Amino acid sequence: MKGVEAEFIDFHVHMPYWIRDPVKSCRRLLLEELTAGAISAVVIGVDASLETIKSRVTPREITEAAMEDFDYLAFQQVGYIGRMIMEPEKFLDDFLGDFHKHRRGPEDLRACRSVEPRFFYTIVSYKPGMEEEVAQIVRSDSSILGVKIFPTFHFTRPDSQRLYPVYKAVEEAGGLVVVHTGCDPGPWELTRFCREARPSYVARAAKRFENLVFVIAHLGAYSALKPGIYFEETLKALSLENVYADTSAADPFFAAMAVKEGYADKILFGSDYPYVSGYNVAMAVKDILSLDIDNNDKEAVLRYNAEKLLNSLPRGRQKPG
Ligand SMILES: [Zn+2]
């Protein structure tokens, strides 16, 4: 790739879940990122309310949701989704029983800062019913870059008033909000369960909080059954000044499309490591480098857009350390 700097910022990454010790997990992540050529990474926490999930994802709901997606299920044949539909009760027990393995709270993220404060930015996860607590965490820890909302398993629309105290705290701190969009592994592959994770709802929140930066994760495109599910909404939302999108877990085709539609300066590279199985950070970078777009745009997506955005934010400027 003549002329393209392969140095990059990974704007969407998670702590390896198979290493529970947070310091060791962050060290493993650092190694992965440095090996691939990263100069900085934004580590995103994961949290949820199991009560909320249990009340919304029942075996009966799964069966009904599967009926709605019947044609897609028959066509795509995603193995574990088939098992989930055949045995929804067992699937839910296993899935919810495993959730704690993936939970990463503010204290876990702090470990990454202790491992390499000049490399890692951290984003804490929202948790339904804990709006004031999350807002307080953001206010009290100036090393936190922002908050992530998972409208899928949080069952919270990004424009929900419930989130206003959180948005207000991040806005006042000078941070940013990342919103998961599209579907999500687990029951959230069924479209009934991902319908709250729409970029158009992010756009509504972004219009209400004009001084707050929103990042649409996965370009609104991630879905095993319907790849590109809400991508058109992402393109519309990107016309708002305070809205960006990250490339993580979306087919790189959509990143190229967004660039060609004129949003080269709004797209941030993200690997979603280690949550895309069989894929790593270096492969995600390679995918961007091999896109049929200008070299300047590749560099913007991989590094310069993230640098500019971070420099524009009080919480992004205070370079860790
Ligand atoms: Zn992610």
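Me: Why is F91 called buried?

Reply: Buried means under 20% relative accessible area, exposed means over 50%, and partly exposed is in between (1.4 Å probe, protein chains only). F91 has 14% relative accessibility, so F91 counts as buried.

Me: And what makes F95 partly exposed?

Reply: F95 comes out at 24% relative accessibility, so F95 counts as partly exposed. Keep in mind that this is a predicted model, where local features need pLDDT of at least 70 and side-chain atom pairs count only at pLDDT 80 or more, while totals for chains, interfaces and linings use all residues. Residues are numbered from 1 along each chain as its sequence is written, and side-chain values use heavy atoms, with hydrogens and water left out.

Me: Where do F91 and F95 lie?

Reply: Both sit in helix α6 (residues 88–98), four residues apart, which is about one turn of the helix. Helices (H or I, at least four residues) and strands (E, at least two) are DSSP runs, numbered from the N terminus.

Me: Why is the pair F99 and F153 called edge-to-face?

Reply: Rings of Phe, Tyr and Trp (its six-membered ring) pair if their centres lie within 6.5 Å; planes under 30 degrees apart are stacked, over 60 edge-to-face, and the rest tilted. For F99 and F153 the centres are 5.8 Å apart and the planes are at 70°, so the pair is edge-to-face. F99 is in the loop between α6 and α7 (106–115) and F153 is in helix α9 (residues 151–154), so the pair ties together parts that are 54 residues apart in sequence. Both F99 and F153 are buried.

Me: How many aromatic pairs does the structure hold?

Reply: There are 16 aromatic pairs. One of them is F91 with F95, which is stacked, at 5.6 Å centre to centre with 20° between the planes. Ring pairs also link residues into a cluster, including F150, F155, W188 and F193.

Me: What makes H12 a donor of the zinc ion?

Reply: Donors are N, O and S atoms within 2.8 Å of the metal (3.2 Å for Na, K and Ca), and sites may look incomplete because water is not among the atoms. The zinc ion is coordinated by H12 (NE2), H14 (NE2) and D272 (OD), at 2.1 Å. H12 belongs to strand β1 (residues 8–13) and D272 to the loop between β8 (267–268) and α15 (281–289), 260 residues apart. Both H12 and D272 are buried.
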